[in-house]
Amino acid sequence: MLFSKRILVVLDSGPQSRNALHRALLIAERMVCDLELIWVGKSTPWSGIEADMDALAKTEIRFTQEVVTDDLIDAVCKRWKQDHFALLVKGCDPRHSSRKLLAPRDWKLLRNTPCPVLLVKHDHHWAHGRILAAVNTTTHNPALRANNQGILMLAGFIARALDVPLHAVIATPPAMQGAEPEMQSQVLIDQRAQRCAEKVLSDMNLTVDQLHIGEGPPEHWIPNVSKEIDASLVVIGTHARRGMSAALLGNTAERILDRLNTDILVLRAGLSEPLKPLIKEVDTAVS
Amino acid sequence: MITETNIIIGSPMNKSSTSILLTICCLLSGIVFSFPALAASGDRLERPSLVLHTRTDQIVASNVLLLDIALAGSRLVAVGEQGAVLLSDDAGYSWRQAKVPSSVLLTAVNFVDDQNGWAVGHDGVVLRTEDGGESWHLQIDGEGINQNRIETLEQALAGLDQSSELEGTDRETLEYALEDAQFAAEDGASTPLLDVWFANRDLGYIAGAYGMLLQTRDGGQSWQSMDHLIPNPDRFHLNAIQATTDGSLFLAGEAGLLIKSDEQHTAWQVIESPYEGSFFAMQESKGLYLMGLRGHLFRSDSGTGWTPIKVSTTSSINAAVTDSHGQLILLGQGGLLLQQQDTAFVPLAASTRTSFSSGVVLGQQLILVGEAGVTRVPLDANVTQATVPSDQGGRS
Amino acid sequence: MNMTRLLLTPIKTSEQLLERFLFFRRGLVVGLFALLTLGLIWQASQIRPDASFVKMIPSDHPYVNNFLQYRDDLAGLGNSVRISVEATEGDIFSAEFQDTLRQVTDEVFFIPGVDRSALKSIWTPNVRWTEVTEEGFVGGPVIPQTYDGSPDSLEQVRINILRSGQVGRLVANDFKSAIIQVPLFDRHPQTGEKLDYQQFSHQLEALIRDKYERAGIAVHITGFAKIVGDLIDGATQVALFFAIAFVVTLVLLYLYSGSVMGTLIPLACSVVAVIWQLGLLNLLGYGLDPYSMLVPFLVFAIAVSHGVQIVNTITLESAQGADRRLAAQRAFRAIFIPGLIALLSDGIGFVTLRVIEIEVIQDLAVAASVGVAVIILTNLLLLPVLMSYAGVGQRAINRARNSFDREHSYWSVLTVFTCRRGAATALMVAGGLAVVGFVLSSDLKIGDLDTGAPELRADSRYNLDNKFITENYSTSSDTFVVMVKTGEEQCSSFETLTLVDQFQHSLKNVAGVQSSISLADVSERVTAGLNEGSLKWRSVSRNQMVINASLAYVPAGLMNASCSLLPVIIFLDDHRADTLLRVTEAIEVFASEHNSEQIQFLMAAGNAGFEAATNEVISVAQYEMLFWVYGVVSLLCLLTFRSIKTVFCIIAPLALTSLLCQALMAQLGIGVKVATLPVIALGVGIGVDYGIYIYSKLNTYLVQGYSLSDAYLETLKSTGKSVAFTGLTLAIGVVLWVFSPIRFQADMGVLLTFMFIWNMLGALILLPALACLLHSKKKEPVHVVQ
């Protein structure tokens, strides 16, 4: 993926498109990638971002641009088939309502894109804030554990590359009577989460500035912490449930979008395996 | 049995012989004791009467049908269904049961003294006791009676020409009688015997259905059929035998049949009957009384002229007893119990619906038997209404 | 540890998914429940009473099987009603009375379900008098053709009655009342429809009792159909009790929680549970019988008690600062395992009742387990979602906060049982009680100990009627029927009749047998009748032609059409278990000695026969049931807590309560019968809830390293109140049954109230005591609290 060195940028007439373009530009410059710009939506292509397009043309970054008329997800999948890209960048839509029958567009993207997705919500440089990695270290599920590692690796990589502090946030589940002993009391749960997180970090040779462990639904805790530490980017994983299970159970990452005012980088579970060696390679390349 | 075994063991025998003997004794006793069990599932004629457990101290087996009661000395002996023979030595307060080898319905009982008695019943059963009713043995049964009858009739036919004993009979009658006897024999032991009377320990008579009359002169060891000797061509049932003080014998039966014999019991003749319905009983008490169906009661001085006595009931009178004043007490169907008072008959006790079959006066008590088992009625000098401790029950 | 994970993982996964779904899609959840509730309300409204004669007797017992096999040949023995018309002033020989009797007979004739050909009263043509005259037999109907109500006619009727042998049967012994014997079709012979007992009973009331009872005439009605009708009617009163229980629970719950929403919502969810239970029952094809109509009470009470636990936890979470949605979500998660396990143990405990092979109890098991399954949905799932919308209210939160802050809690009194001395004392007292209970419960009898219909009270109209009839007529209402099976056309053979005669005679030795009647009696009596009524002829003749003549007219029910079955109807003094046992033993002995290929004595029919079968089934079933219930519940606890000592702590107090309940039954003179048999299973299944909730909470403190006393105190401060309240709601739900006109409901009410209260005390006192003594080693806490 990464070594395909292409970044797909989805642009439309939404308020964050310009920010998305800027962000993509920054990343492309840093990572020496190509950009592929696609315009979706009904409004006039490239309206509102002409200036940024001109600015882009003046850089050395190679880019292609195309107007896409079919469904966004179909277009993305088509693109993916042609040529894998490393990252998808899009401006985050202002509000995602779960009440509608069909999932909002961003959510569909998060569920269906086979690579990490960056939803952009602001214009500040990441170097001015902190990187917050949201993980769930108490899980036993191997796929989720791998996802945790992927998130931490990615967040760690970005933090190191930009030389900003890395924080990790863990939302612990509430106490459950009758479960294993250490799950029966909040104190014990937090302690266990701490231990597991420390172990994971030490296994990966990563250090974080601060480990935020708190109880409560992730969609409350993570935004709280992010506000507290003034994060600029939150890296989070998602189950990427689709269809009926998404309708019934939903995905936490999707629900968090509206509550965060940072950029959000979403890593799908299952993507992390191919990611690891690549990150190592890029890491060594960059540092 | 046990003493024998002890003796055998006591003598110096080797072990194996002892054990063999023990085994044989056990087997024998087993067979003996299992006999009742084997017999228990047999025909009612051969099945010993079931011992009834005492229910209360007072009157036992109030749900047993009892048909006759007699005095053996001061002991009361009552007989009835399923071969039940009940004994009481305390004037009817408590009762116990005798050992009886048969389970048929016993209809009549008679004692000549306090030890010797006879009971008769269905299936031609004739039982004898020599110990005051404690134990009984079978003297003859229906099959024996049938056999006896056939033989007697065959002999009679054979000796028809000779003896003048057979007055008023002819060959045809005897032949019919013989045919009937043979048919009856095919039915098996199906003759109900209805009454028994013994003059003394040797001479006795039994009356039964279809004109059956039996005589014995040896205390019941052998019996002679006398059906053909009495003038009963229609073979009506003979319900009652009554001996009178002048030594003659009366037979009262179905359809108004009344037969009297002479003192030697050889000549029998039909008496003109005052009634065409059945007579069930006779009683002698300052005169002869004849009673039966639908409340009919007749009196005669000598036995030949009968005058009806009005009794205000249409229930059949089954028997009569005399109390200490010589007054007649009538008992019968539907709880009929009347005591003679001068010329009228008044109810003796509170009414009950269960029928009485027979009774006996003992001291100041009238002991009745019938559908509800034993009933005791106190007899006062002044006749008052007495409560009868009757149990309701019986075969409903 | 791996075992633990194996057991827990599916539960935890399901919990996570459920939690997400419930709290992500709250609207959808509520909408779904509302929709289902509407559908099930409609179903529930269609539920009908369903009482069948056959359901109340064992479904697979030799006696019952024999009865069912020969049922068609036993006319009128299964199902009949007796209507006694009484002349309260004077006797029956008045024109007015006879006219009334005639009208009633005619009225009954036309009621659907009545077997008209077998209807008997002195006004029906099949009741005749016979008499012997000089010419032979004469006879005629008891009411002569020439009857005209005149004094002469009445006198004739009186004579005819005496001659007919019906005194004590169709006419009372004291001539002050007369009976109409009404045999019924359990199933209509042509249409196959089942008899609707309630409707029939109402018809009897409306058309007979109400119409004809007046000054001078009283009507008494007995019979199985009337019992069932009265039972079903009594049931409607039960609905009133439900309303009372609801109101009382509402008030108490408000006082306890101090929260309006925290009262209304659990109650609403519990009512929804009841609706669903009834609706599902109807959907599954069950009706309501007098036993299963008590299940809604239980469902309501259990639902409220679990709801209270959840609301309590929500209040505690709210007091610690969570908003209403978070509080609800946390409470859901916290209580999920103990709540689920408790309800599963209730449900599976009820299912074990199905080992008892009496259909009415099996239906009860289904009704109860469906109810509990529904509670899982309404009170474990729906309730938190609704509470997440509503919140508990500030008052409740303040109350909770105040009780936290309170230094000294009055619950600390109970912690005395967690120290060694207190524990030992408690256990010794418990041990003493157990011994006392054991001794007292040895008096426990199987079956019925009273006269009359056991289902109804002694002073109920039915039992008063029954008493009237038993006192004034000769035939007892307790009949035990032995079916004598012979070859075709052999029922009237000499061998058969004399054997039956012998059998009946042998019964005279059995204490408790009043009398008996059979074809042999008919033969004997008619033989006597053919001989001018002479008692000396009352015997079975050896001559088959005489026998045949004597059986020319046989009353219905004493032999079947092909002369291969003759019933012997045995009238008993009562239907007590020891009487029945004596009778059945005696019959068994006789049958084993005399059964052959030609003739077999089979038991049994008649209400006493069925009761004997029921007693036999129950005496075995009561142990089977206990074994299963305790086994299942212990297993579930073991899977939950994964420690045998814990299981013992929870189960031992239950066992004590079961023992004491049996002692109570013995002392109150309540026998173990169909109604009371499930009581102990219900008590155990429900009583284990306390232990599960308490121990789950206790454990959360123990793993943190608290001492037993401190952990217990904390547990009581948080869950103690709800446990006590649970005991209260459960008791309220059932105590009102004590006032039911249906006696077995009253019995169940007393016993269940006792069990629920004792279970609560046992959980609060004995559980910590046992825990103290069993966990004597200081358990290594999972992680020492800093």
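A nonpolar core is here a set of buried Ala, Val, Leu, Ile, Met, Phe, Trp, Tyr and Cys residues joined through C-beta atoms within 7 Å. With that in mind, and remembering that this is a predicted model, select Ile7(A), Val9(A), Ala133(A), Val235(A), Ile83(C) and Val482(C), which touch the most other members of the largest such core, a set of 336 residues.

Then centre the view on Ile83(C): leaving aside neighbours within four places in sequence, Ile83(C) is in contact with Val104(C), Val108(C), Ile179(C), Ile180(C), Val182(C), Ile208(C), Val219(C) and Ile221(C). Moving to chain B, pick out Leu194(B), Phe198(B), Ala320(B) and Val377(B), which are included in a second, separate core of 97 residues.

Now display the contact between chains C and A, to which chain C brings 28 residues and chain A brings 20 residues. On the chain C side, helix 1 (2-24), helix 10 (324-351) and helix 21 (677-702) each supply at least two residues, and helix 10 of chain C gives the most, with 10 residues. Coloured by class, this side of chain C shows 14 nonpolar, 8 polar and 6 charged residues.

Finally, select helix 15 (residues 494-507) and helix 16 (residues 519-530) of chain C, whose axes come within 8 Å and cross at roughly 105 degrees; angles of 65 to 115 degrees count as roughly perpendicular, so helix 15 of chain C is roughly perpendicular to helix 16 of chain C. Where they meet, Leu497(C), Val500(C), Asp501(C) and Gln504(C) in helix 15 face Leu519(C), Ala520(C) and Ser523(C) in helix 16, a contact that divides into 4 nonpolar, 2 polar and 1 charged residues.

Terms used:
Residues are numbered from 1 along each chain as its sequence is written. Chains are lettered from A and ligands numbered from 1 in the order in which they are written. This is a predicted model: local features need pLDDT of at least 70, side-chain atom pairs count only at pLDDT 80 or more; totals for chains, interfaces and linings use all residues. Two residues are in contact if their C-beta atoms, placed from the backbone, lie within 7 Å. Helices (H or I, at least four residues) and strands (E, at least two) are DSSP runs, numbered from the N terminus. Ala, Val, Leu, Ile, Met, Phe, Trp, Tyr, Cys and Pro count as nonpolar, Asp, Glu, Lys and Arg as charged, and the others, Gly among them, as polar. Axes are lines fitted to C-alpha atoms, for helices over the stretch in contact, and angles run from 0 to 180 degrees between N-to-C directions. Angles under 35 degrees count as roughly parallel, over 145 as roughly antiparallel, 65 to 115 as roughly perpendicular and the rest as oblique. A residue is buried if 20 or more other C-beta atoms lie within 10 Å of its own, exposed if 12 or fewer, and partly exposed in between; C-beta atoms are placed from the backbone.
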